[in-house]
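Visitor: I would like to go through the charged side chains of this protein. Could we look at it together?
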Amino acid sequence: MKVKHIDHIGIAVRSIEEAGKFYTDVLGLKLQKVETVAEQKVKTGFFPITDSELELLESTAPDGPVAKFVEARGEGVQHIAFRVENIDDALRELKQRGVRLIDQEPRKGAGGSRIAFIHPKETHGVLVELCEK
Ligand code: ZN
């Protein structure tokens with residue numbers, strides 16, 4: 001598999017508007033776009049930093065994965081996303097190696113990307129997202 005770079009780091013927050021103030025006012029980053037991914041019950045806000053981005057994640061429903069994360073652990077880093085050249089090839093390779101996946105097939109992510117999550121048991125506690133754009 002070819003990992004190109006860290007595409008983004010996903011941070012679960014209660015409110016993008018509230019949390020975003022630190023990243024804009026203090027760190028001087030720009031909130032480039034806010035997008036709702038209905039399937040994942042999440043609103044995302046992207047702050048680009050050269051080749052990478054911070055992705056703030058705000059739940060849109062109390063039973064969504066981000067709401068559950070914040071409920072259990074509080075706000076904080078929720079996942080790290082690696083950009084891959086070809087997500088279909090990457091998933092095929094991981095399956096061949098017997099790596100446990102959350103997503104067997106790519107699903108639709110923010111910004112027209114195709115994403116899939118690897119099970120955190122395989123990655124020593126980090127929720128890893130593969131993403132192709
Ligand atoms: Zn992500």
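Visitor: Which residues are linked in a network of salt bridges?
Guide: The network of salt bridges links D7, K33, E53, R83 and K133. A salt bridge here is a side-chain nitrogen of Lys or Arg within 4 Å of a carboxyl oxygen of Asp or Glu. Please note that this is a predicted model, in which local features need pLDDT of at least 70 and side-chain atom pairs count only at pLDDT 80 or more, while totals for chains, interfaces and linings use all residues. Residues are numbered from 1 along each chain as its sequence is written, and side-chain values use heavy atoms, with hydrogens and water left out.

Visitor: How many salt bridges does the whole structure have?
Guide: A search of the whole structure gives 14 salt bridges.

Visitor: Where is R83 found?
Guide: R83 belongs to strand β5, residues 76-84. Its relative accessibility is 18%, so R83 counts as buried.

Visitor: What does R83 touch?
Guide: Leaving out residues up to four places away in sequence, R83 touches K2, V3, K4, H5, D7, C131 and K133; contact means heavy atoms within 4.5 Å. The side chains of R83 and D7 are also joined by a polar contact of 2.6 Å. A polar contact is a pair of N or O atoms within 3.5 Å; within protein, one must be able to donate a hydrogen and the other to accept it, and residues adjacent in sequence count only if both atoms are side-chain atoms.

Visitor: Changing topic: which residue does D63 meet in a salt bridge?
Guide: D63 meets K41, at 2.9 Å from N to O. D63 lies in the loop between β4 (52-59) and α2 (65-73), and K41 in the loop between β2 (33-37) and β3 (42-49), so the pair ties together parts 22 residues apart in sequence. D63 is partly exposed at 44% relative accessibility, and K41 is partly exposed at 31%.

Key: Helix = DSSP H or I, 4+ residues; strand = E, 2+ residues; numbered from the N terminus. Buried < 20%, exposed > 50% of the residue type's maximum accessible area, 1.4 Å probe, protein only.
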